[in-house]
Each structure stands twice: as structure tokens, then as C-alpha cells.
Amino acid sequence: MKLDPNTEIDRLLLHHARHGGAATPFVSVAADERGNSGGGSEEMQAEHLDVDEMSAYAENALPDAARARYISHLADCDSCRKMVTELVMSSGAANALVEKKAVLTPTVPARSWRERFAWLLAPQTLRYAASVLVLAGIASIAFIVLRGGRDAKFSSQEEQTQNSSYDQNSNRPPEQGVQSGSSTTIAPALTPQGSPAKPDATGTPLDAQKDNQAQPEQANAPKTMTEQGPAESSPAPVVTGDALGGNNERARDEDAVSLARQQPAPPAPSVSTVKNEADGKDLSGRASGNENNMVLDSSTSSTTAEVAENKPQSSAKERAAGARAKTARREAAPASQAAGSEAKDDGGEREDKAKKAEATRRVGGREFVRRGGVWVDTAYKSQATTNVKRGSEQYRALSADEPGLRSIADQLGGTSIIIWKGRAYKIY
Amino acid sequence: MSQITAHTENLLADGTARLIARAADARSLKVEDLTARTGAALHKYLLRDDPAAKPEAVNAFLDSLHADDLCLIVACERGDQTAWSDLVERFGATVKSAARSTSSNEDAAEDLAQSIWAELHGLRVRADGRPAGKLAYYSGRGSLGGWLRAVVGQLAVDQHRKSARLVQTEEDADFDRLARASHSGEESFSAAQSTSNPEAALAEQRAAGDVETALAEALGELAAEDRLLVKLYYFDGLRLREAGAVLGVHEATASRRLTRLHVEIRKGVEAILMKRRGWTRSEIGRAMSEAASHLDTDLEVMLSDTFPKEQRAQPGD
């Protein structure tokens with residue numbers, strides 16, 4: 001099996017370290033006043049790091065030139081390197097390191113374009129790139145699916161609206177129909193005074209009465225409607241973008257269906273009645289125009305009898321639609337407020353949960369609660385604490401003795417009271 | 001005295017005065033009491049590598065010395081009993097902890113800790129009548145706690161050496177090293193000898209030996225910091241995180257450096273083999289691949305529990 005180049009070198013280096021490059025395991029016993037580790041050539045012995053240099057190196061407290069000099073020695077002296085390594089580990093320097101940009105020594109040559117290209121095609125690089133691409137693909141698919149679902153929902157709502165208006169128009173007899181698909185035709189008839197129309201000889205108000213009776217039952221109505229007059233009508237798209245809008249749509253559709261069922265062929269009303277109703281519609285339209293965005297163009301109203309036959313019905317429906325819309329707006333406002341307060345309640349509950357989650361933590365198999373800015377071990381029973389300040393010698397000694405305790409304190413951060421081996425420690 | 005030296009002397013005096021001012025407890029020390037110590041540190045860590053160091057560098061160096069720790073140590077050296085008491089009180093736990101980490105049992109740790117204080121105080125007496133202890137070697141560059149831990153570690157190593165049964169002289173060590181080097185190309189690639197074709201096996205073995213030699217040479221050509229990383233990771237068996245800590249870099253940085261080093265070492269090996277042995281690139285690639293593959297087998301066998309320990313040190317049969 002062919003190994004990749006990096007693995008080959010890794011294996012060879014490992015083998016070389018075990019067999020070919022091992023330094024002398026034992027060194028001379030003598031140790032002078034300077035505490036030299038001894039061993040090796042005379043020159044190396046003279047250059048051995050003393051304890052002051054080792055401790056300064058371990059704490060990264062050296063000027064660059066001196067540090068470079070010691071690194072050169074440590075690379076070749078096993079004993080000094082071992083001592084320094086132990087000092088570095090005991091000082092906990094590894095935990096304090098943050099990732100910084102590597103400062104390469106000046107002797108490192110710049111990479112050629114071929115090397116960079118080879119690096120790009122290296123298996124490790126491709127592996128990382130492949131995983132990033134996969135994650136990006138999954139995220140984009142999820143986004144598209146979610147968005148598609150939302151769009152489908154809106155489009156289905158619009159389709160229902162349009163279907164209802166289409167049904168409405170298709171049920172009207174052709175000779176009556178100047179109307180085109182108008183979703184506003186579901187509005188029940190109203191006189192200018194808003195009261196149900198009285199029956200007249202035409203019988204039309206009977207339908208209006210029925211519509212008026214249906215009106216109070218309507219809890220929802222479109223918030224916005226556009227209407228361009230009895231002769232022409234346009235669909236009133238309802239885009240509320242919330243559940244109420246959907247409910248309004250369904251309610252209006254139901255009205256359309258019920259109204260379609262209730263529609264007999266209305267007899268032609270008298271001209272005076274038509275005129276009154278047209279005026280009423282006009283007035284009602286004006287009265288509710290600002291709220292419902294209804295635009296009634298009385299100039300477009302037809303005075304022909306044929307149109308007049310259709311007008312009462314459509315105008316009544318339009319008025320009813322406008323009134324319903326007004327009612328729906330009034331009802332929608334408190335409903336939206338309720339929804340908002342509901343959302344606020346949910347947010348408040350979530351906040352409470354988050355606060356509770358923040359107030360307790362589980363670290364190192366122990367549970368801690370937050371009290372007054374201090375993480376307190378639940379096993380703490382108000383006994384006396386040993387106060388240890390971070391960075392102090394006491395803390396260092398404690399960290400060396402009890403690395404588990406230090407790990408817990410580091411994870412908690414800030415001030416914490418930890419019960420460790422039967423004693424209470426306050427780390428601050 | 002040259003102009004530069006006089007200027008540095010002035011900087012030294014000013015820096016020492018600032019150090020005393022910085023200390024929370026200067027212990028009644030004066031500038032002249034500390035100048036010798038700060039001057040020695042300045043020379044040891046800065047002027048030795050950069051005799052013409054800029055004043056800013058000199059001032060920055062002096063201002064980064066641990067003032068309180070240095071004043072404490074100098075006061076101890078001058079026989080200040082209060083300072084000694086403070087030293088034992090503040091750093092007793094540190095010394096005990098360090099002793100415990102280098103000792104096998106509590107008694108040994110206690111003995112070691114006591115030895116430390118004796119070493120610090122010094123059993124010998126200097127010409128001026130003051131004890132000659134290790135305190136004189138604290139420069140204030142690192143913290144006193146870290147210095148004490150280093151002293152404890154050093155003393156533990158010295159004690160271990162004194163009590164060790166087997167002691168090897170320098171000459172014997174050289175012979176051993178030579179013997180290992182001569183067998184390094186043969187003993188480890190024993191798997192190659194198991195093939196049916198002895199000539200091919202011999203050729204493979206020699207090629208592997210050449211690769212090994214070229215590898216050692218390539219390692220010697222690395223920059224010091226890179227060589228140190230290789231030593232820490234491969235020879236000392238440290239994890240990348242630990243090796244990075246010794247180098248003063250984050251684990252991720254160490255990992256990136258190691259990856260770069262693999263490429264660099266490989267190039268070095270190729271260059272040496274092409275130049276010294278006249279190999280072609282394909283021959284080098286094949287030889288390295290075969291050597292690494294055989295090592296894979298050898299390592300698995302060697303790391304298994306059933307492989308006798310004695311056979312690992314013997315040349316291949």
C-alpha cells in the first residue's frame with residue numbers, strides 16, 4: 001500500500017528517532033555550582049542552560065536573540081531540553097497559548113507556484129475543502145427547501161383567493177356579468193346607514209339580509225381590499241403575511257362559497273333603488289375608504305338596467321366586504337396584539353429558561369450555581385474556604401498538585417468556590 | 001571606559017532606580033545594592049547577543065525584570081532574616097509542590113525540599129563571609145517561583161544521578177553511538193530480509209540505509225527551531241500541544257510547522273540522495289516508499305506485546 005508523502009516522512013522520522021538518532025542515555029554525574037546538567041562535549045557543557053536561563057525560557061521571558069541561542073542549544077542537548085520541557089509543563093504555559101500567526105525564521109524559503117499548487121491539491125487540503133463544500137451544500141439545500149415551503153404556502157393562499165374569486169364570477173350569469181373576478185363581491189349589502197337593507201319589490205335585499213346576518217359571524221376579514229367600482233372589479237389580494245391573513249382568506253373564501261350558493265338570479269331592481277344603492281355604496285365606500293383602501297369610482301357606474309341588475313348584488317357584496325374588512329381590522333388589531341404579547345410571553349419564558357441555564361453549570365462532574373457573580377459548588381456547605389488568587393505562587397503550586405481542580409477553575413472562569421477532596425477552595 | 005559602555009552604565013543605573021521604585025517592598029535596598037545583579041542580567045541576556053543594543057531595548061529589558069522577587073533575593077543574600085522568612089513563607093508551597101512532582105514518595109519529596117533550602121542558603125562561605133548559595137544565580141528575568149521550580153528539578157536530577165547504579169563514561173557512550181549508527185541501516189529493516197530474493201533484499205536494505213543516512217543529514221540542515229520541534233515531537237515523544245508550548249506557539253501553529261517540515265525534510269533527503277548517490281527522483285520515491293512500508297510492518301511487530309524486548313536492540317538476523 002502506497003503511503004502519501006507526509007506519512008512516509010512521518011514513519012521514517014519516527015523510526016529514525018527510535019533507532020538512528022537516539023542520544024547518549026547517560027551523562028556524567030558531576031554537577032557544578034551553576035547547576036549545569038553536564039554531559040556532551042566541553043563546548044556543549046559550557047553552553048548548558050543554567051536554572052535561571054531555563055526558568056526564563058520556560059516563562060518566555062527572554063529577548064529574541066537570547067531565546068534563539070537557547071533554542072539552538074536545546075535542539076541538540078537532550079538533558080537541557082528535558083528539563084525545560086518539564087518546567088514548561090509545570091508552569092501550565094500550554095494552556096495560556098493562543099493561536100497566533102506563525103513567525104517563520106528567515107531561513108525558510110518562499111514557496112514556488114508549483115509548491116503552492118501542489119499544496120492545494122494535497123489530500124489534506126482537498127479533504128478540508130470537500131467537507132466545507134458538503135456543509136455549504138447542505139446549508140443551501142435546507143435554505144431552498146424552507147424557502148420553497150414558504151413560497152408554496154403563500155402561492156397556495158393566493159391560489160385559493162383567486163379560485164374563490166373565479167368561482168364567484170363563474171357562478172354569475174353571463175348576461176349579468178359586467179363583473180370580473182372580484183373578491184369583493186362577497187360583501188353583504190348595506191345601506192348608507194349601515195343597517196340591513198329593507199326588502200323591496202326586487203327581493204334583492206333578501207340576499208343582502210342573508211349576507212348581513214352572515215356578517216356578524218365573520219370574525220376575520222381582509223385587512224386590505226381594493227375595489228374599483230361596480231362595473232369593474234379587481235381581485236383584492238390579501239397579503240398579511242401572518243396566520244391572521246390566512247384565516248382571513250379562508251373566511252372570505254367561505255363567504256364566497258356560501259354567497260355563491262345563496263345567489264339566485266336576482267330580478268332587476270328599480271332604477272331609483274339602484275341609484276340609492278349606488279349612492280349608498282359610494283358613501284359606504286368613502287366612509288371606509290381610508291381604512292380599507294377601497295376606491296369607488298362612481299363615475300364608472302353604469303346606469304343601464306342590465307348593469308343595474310348586477311349592481312345591487314355586487315354593490316351589496318362590496319359594501320359587505322368593506323364592512324367586514326373594517327370589522328376584521330378592528331378584530332385583527334387586538335388579535336395581533338395578543339399574538340405579540342404571546343410572542344413576548346414566549347420570549348419571556350425562553351429568557352427564563354436561558355437564565356436558569358446560565359445560573360447552573362456542570363463542570364468536571366460537579367454542579368455549580370451562580371450566586372452573586374460567583375460559581376458555587378452545590379456541595380459547598382458554607383464551610384471555611386481556602387482563598388487562592390490566580391497567578392499567585394499558591395495557585396501555581398495548587399495547579400501543579402491538583403490539575404483537575406485547576407481545569408475546573410479555568411472552565412468556570414472568574415470567581416468560583418470548588419469543593420476538592422473535602423476542602424473548599426475559593427479561586428478568584 | 002568607552003562612550004557606549006558609559007551610556008549603558010547610565011541606563012543601567014536609571015533602570016535599577018526605576019526597578020526599586022516599582023517594587024512594592026524594596027527592603028531598604030539602594031541602587032548600588034542591585035546594580036551588580038541587574039548589570040549581570042543585562043549582559044547575560046541582552047548585551048551578549050547585541051553589544052550595541054539600543055537604549056530602548058536596554059530600558060525595556062530592565063523594566064521587565066521582576067522587581068519584588070529580585071529585591072527579596074538580594075535582601076536574602078545580604079542576610080536579611082525578614083526576607084528569608086518571607087521567602088520561605090511565600091514559596092514554601094511552591095518548593096514542596098515541585099519536590100513532590102519529581103519524587104516518588106512523600107518522604108523523598110520532603111527531603112528534597114529541605115535540601116533545596118540548604119542549597120539556596122549555601123553551605124559554603126564566600127570570601128566576604130557570606131554564604132555562597134544558589135541565590136546568586138537568580139537574575140530576575142523570570143519569576144522567582146519558576147526559578148525555584150527549576151532549582152528543584154535540577155537538584156532532583158543531580159540526586160538521581162548520584163544514586164543511579166549504571167553510569168556510563170563519555171568514551172563508552174561514543175562507542176555505543178557509533179555501533180548504533182553502523183547498524184542503523186540494517187537492524188531496523190529486517191523485514192526486507194525475509195524476501196525470497198537475497199540480492200533484491202540486500203539492495204533494498206542498502207537503499208533503506210542510504211535513506212536513513214540522508215534523513216539524518218537533512219535533519220541536521222534544518223533551522224534550530226525546526227530541529228527542536230522535530231526533536232520534541234519525534235524524539236521526546238511529546239504531543240503537538242506540548243511541543244508547541246516548549247516552542248512558545250499554539251498547537252495549531254506547531255501542527256502547521258510540522259507539516260511544512262515534512263515537505264522540507266523530504267526535499268532535503270531527495271537533494272542529498274540525488275547529489276551524493278546520483279539517484280533519480282523516481283528511484284528516491286520508490287526507495288522511500290519501500291522503506292516506509294517496511295517500517296510500517298516493523299513498527300507493528302515491534303509494538304506488539306509478543307515481540308521480545310531483547311530482540312529489538314539486536315541487529316537483524
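Me: In β3(A), which residue is the bridge partner of Phe368(A)?

Reply: The model is a predicted one. Strand β2 (residues 366-371) of chain A pairs with strand β3 (residues 374-377) of chain A in the antiparallel sense, over 4 bridges. Within this pairing, the partner of Phe368(A) in β3(A) is Asp377(A).

Me: Which residue in the hairpin of β2(A) and β3(A) takes a positive phi?

Reply: The hairpin has 2 residues between the strands. The residue there with a positive phi, near 60 degrees, is Gly372(A).

Me: Where in chain A does Asn60(A) lie, and is Asn60(A) buried, partly exposed or exposed?

Reply: Most residues other than glycine have a negative phi. Asn60(A) is not a glycine, yet its phi is positive, at about 55 degrees. Asn60(A) sits in the loop between α3 (51-58) and α4 (64-74) of chain A. Its relative accessible area is 48%, so Asn60(A) is partly exposed.

Me: Is Lys421(A) buried or exposed?

Reply: Lys421(A) is in the loop between β5 (415-420) and β6 (423-427) of chain A. Its phi is near 50 degrees, a positive value in a residue other than glycine. The cut-off for exposed is over 50% relative accessible area. Lys421(A) has 63% relative accessibility and therefore counts as exposed.

Me: How many degrees lie between the planes of Tyr138(B) and Trp147(B)?

Reply: A search of the whole structure finds 3 aromatic pairs over all chains. One of them joins Tyr138(B) and Trp147(B), with 5.5 Å centre to centre. Tyr138(B) is buried because its relative accessibility is 0%, and Trp147(B) is buried with a relative accessible area of 0%. The pair is edge-to-face, and the angle between the planes is 65 degrees.

Me: What is the centre to centre distance of Tyr233(B) and Tyr234(B)?

Reply: Tyr233(B) and Tyr234(B) form an edge-to-face aromatic pair, with 90 degrees between the planes. Tyr233(B) counts as partly exposed at 27% relative accessibility, whereas Tyr234(B) counts as buried at 6%. Centre to centre, the pair spans 4.9 Å.

Me: Which residue lies over the face of Phe235(B)?

Reply: In chain A, Arg67(A) lies over the face of Tyr57(A), at 4.3 Å from the ring centre. For Phe235(B), the residue over the face is 5.5 Å from the ring centre, and that residue is Lys231(B).

Me: Is the crossing of α2(B) and α3(B) right-handed or left-handed?

Reply: Two packed helices are described by the angle between their axes and the distance between the axes. The axes of helix α2 (residues 31-47) of chain B and helix α3 (residues 55-63) of chain B come within 11 Å and cross at roughly 120 degrees. The two helices are therefore oblique to each other. The crossing of α2(B) and α3(B) is right-handed.

Methods: Residues are numbered from 1 along each chain as its sequence is written. Chains are lettered from A and ligands numbered from 1 in the order in which they are written. This is a predicted model: local features need pLDDT of at least 70, side-chain atom pairs count only at pLDDT 80 or more; totals for chains, interfaces and linings use all residues. Side-chain values use heavy atoms; hydrogens and water are left out. Rings of Phe, Tyr and Trp (its six-membered ring) pair if their centres lie within 6.5 Å; planes under 30 degrees apart count as stacked, over 60 as edge-to-face and the rest as tilted. Buried means under 20% relative accessible area, exposed over 50%, partly exposed in between (1.4 Å probe, protein chains only). A charge sits over a ring if NZ of Lys or CZ of Arg is within 6 Å of the ring centre and within 35 degrees of the ring normal. Two strands pair if DSSP finds at least two bridges between them. Axes are lines fitted to C-alpha atoms, for helices over the stretch in contact, and angles run from 0 to 180 degrees between N-to-C directions. Angles under 35 degrees count as roughly parallel, over 145 as roughly antiparallel, 65 to 115 as roughly perpendicular and the rest as oblique. A crossing is left-handed if the near helix is turned anticlockwise from the far one by less than a right angle, and right-handed if clockwise.
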